[in-house]
Amino acid sequence: MAKRVAIIDIGSNSVRMVIYEKVSRFAFHLLHEAKSKVRISEDAYKHNGLLQEIPMQRTFDALTDFTQISNSFKTNKLLCVATSALRDAPNKKDFLQKVKQKLKLNIKIISGEKEAYFGAIACANLLPQQYNALSIDIGGGSTEFAYIDKYNVSHPLSLKLGTVRLKELYFDTNDIKGAVKYIDKQLQMLPVEKINTLIGIGGTFRAISTSIMKRTTYPLNKLHAYEYDAKTLMQFIEELLHAKNNNELKNLFIDNNRFDVIKPGTLILQRVLKKINISKIITSGVGVREGVYLTDLLRNSKHKFPHNYNTSVRYLIDKHVQDKHFSNNLSLLSKKIFDLTHEYFDIDYKYRYNLALAAKLYPAGSSVHFYSQNKHTYYLIQSALEYGFTHHDIMLIATLTKYAKNKLPSSTHLQLYKELLPKEKTTKTLSFLLSLSIALLSHRPRNLDFELNFAGDTLHVNSSNKLYLAQEAIEKLKCEHQNFKVLF
């Protein structure tokens with residue numbers, strides 16, 4: 001596959017572009033993102049779907065700049081897809097031919113079912129694993145659904161429900177009852193299954209989740225994989241639909257560029273929630289563009305990553321961990337120490353993976369600056385450990401690396417991230433175990449040159465070498481766990 005790939009998605013409301021770069025076989029990261037609110041479907045639904053001249057020109061101008069951006073990054077491949085607005089337009093050929101002739105850009109119009117599949121396959125691969133979930137992508141002209149169970153996607157469905165479509169057909173004339181009737185009729189095609197989780201894709205859902213995040217003073221600035229309960233969503237929906245003017249929308253943290261379409265999108269979401277009993281909400285920061293990219297990247301593996309593979313972890317290791325041998329040794333040692341001591345410390349076994357991953361990624365920050373390694377590793381994990389992890393996982397792994405080799409996590413830090421971290425005792429103990437692992441590898445052996453066993457409250461370290469630096473480093477840690485002893 002090409003090393004750098006640009007993906008353009010022409011939606012009814014916006015046209016967006018992302019540029020991804022591969023760093024190894026299945027690992028990639030985002031190089032650039034661009035968006036323009038061209039609203040190609042403006043006034044189209046009032047004219048039997050016909051695209052109007054001014055919106056088409058806006059879209060052409062945006063695509064002109066997007067192709068220039070793609071060229072500036074020297075991309076090896078440019079993929080462009082279009083969804084509902086072009087799919088439904090009787091005069092789409094005129095626009096497609098103009099773009100092809102003048103920009104040398106081939107636009108692929110995808111079916112509604114394919115659009116639903118692309119969005120869902122991105123969620124299945126790049127969100128924490130979900131069982132019995134439904135994805136929903138509320139766009140400008142249509143809304144897509146698909147069922148997700150673990151890494152499997154099925155029953156893709158596209159309905160003619162969209163924010164711009166409803167705005168022009170119903171909201172512009174204040175016919176809200178007509179909009180509800182239309183939405184409910186369309187939703188009759190959505191099979192009612194027992195669904196636990198709703199995964200929200202697209203601008204409407206991201207806007208709503210961002211607002212809820214701000215209202216609740218959520219401590220982590222990350223929208224992808226942001227999770228909350230359905231009751232919270234329903235309460236916010238009611239407030240939003242009853243907002244009387246733009247000022248009230250602003251007070252609900254709705255961005256002004258969504259004032260005219262947020263209510264139609266929210267109404268669609270409300271009617272879906274009334275039809276299906278959902279308990280958990282997850283926000284997706286990925287969608288059609290990532291789905292197009294992944295189906296290309298994973299075309300030989302049934303659109304799935306290898307078992308136990310995580311693309312964000314691999315990216316961080318490929319780009320930022322310089323001494324991979326030390327990284328692997330540290331991860332291996334942390335697991336050994338955890339296995340020996342977790343019952344003594346009364347720590348749930350599920351945290352073993354978090355500790356091992358924190359150990360593996362701990363050296364990443366030194367690629368930025370050695371003397372502030374912990375700070376940079378903490379930031380890299382918070383921001384770039386993007387795909388496949390819950391916010392609880394991300395925050396714990398980041399916290400362990402921030403305080404590695406230093407004092408235990410501060411009370412201020414633990415209080416700030418209280419809703420995302422385990423109980424204080426668990427967090428502090430895991431931090432101590434990582435620091436202990438780092439101390440034991442102070443001499444950086446190529447292979448572990450000591451054996452460990454644990455009895456009572458004492459970890460015995462047996463080695464033919466003196467391990468002088470390790471003993472010195474561990475001496476500094478003793479005050480952190482008074483009852484825990486390390487003997488050489």
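This is a short walk through one protein model, from its overall build down to a handful of individual residues.

Before anything else, please keep in mind that the model is predicted, that local features are taken where pLDDT is at least 70, and that side-chain atom pairs count only at pLDDT 80 or more, whereas totals for chains, interfaces and linings use all residues. Residues are numbered from 1 along each chain as its sequence is written, and side-chain values use heavy atoms, with hydrogens and water left out.

Let me start with the whole protein. There are 19 helices and 14 strands, where helices (H or I, at least four residues) and strands (E, at least two) are DSSP runs numbered from the N terminus. The radius of gyration is 26 Å, close to the 23 Å that the globule rule gives for 488 residues, so the protein is as compact as a globular protein of that length; here the radius is taken over C-alpha atoms, and the rule is 2.2 Å times the number of residues to the power 0.38. Along the principal axes, the C-alpha trace spans about 85 × 45 × 40 Å.

Of the 488 residues, 56% are buried, and I use that word for under 20% relative accessible area, with exposed for over 50% and partly exposed for what lies in between, using a 1.4 Å probe and protein chains only. The protein exposes about 22200 Å², of which carbon and sulfur atoms supply 48%, the areas coming from the Shrake-Rupley method with a 1.4 Å probe and, for residues, with only the protein chains shown counting as cover. If we take contacts (heavy atoms within 4.5 Å) between residues at least 6 apart in sequence, 70% of them join residues at least 24 apart.

On charge, the mean positions of the 68 positive and 45 negative charges are 3 Å apart. Lys and Arg count as positive and Asp and Glu as negative, with His and the chain ends not counted, and each charge is placed at NZ of Lys, CZ of Arg, CG of Asp or CD of Glu.

Now to the cysteines. How many disulfides does a search of the whole structure find? The search finds zero, a disulfide being a pair of cysteine sulfur atoms within 2.5 Å. C80 is buried, at a relative accessible area of 3%, and C123 is likewise buried, with 3%.

T295 belongs to helix α11, residues 288-297, and is buried at 12% relative accessibility. Leaving out residues up to four places away in sequence, T295 touches Y117, F118, I121 and H303.

Staying with loops, R25 is placed between β2 (15-22) and β3 (28-36), and is exposed with a relative accessible area of 64%. R25 and R314 are 289 residues apart in sequence, yet 9.6 Å apart in space, C-alpha to C-alpha.

Within helix α6, residues 176-187, we find Q186, which is buried at 14% relative accessibility. Apart from neighbours within four places in sequence, Q186 is in contact with L159, K160 and L161. How far apart in space are Q186 and G456, C-alpha to C-alpha? They are 66 Å apart, with a sequence separation of 270 residues.
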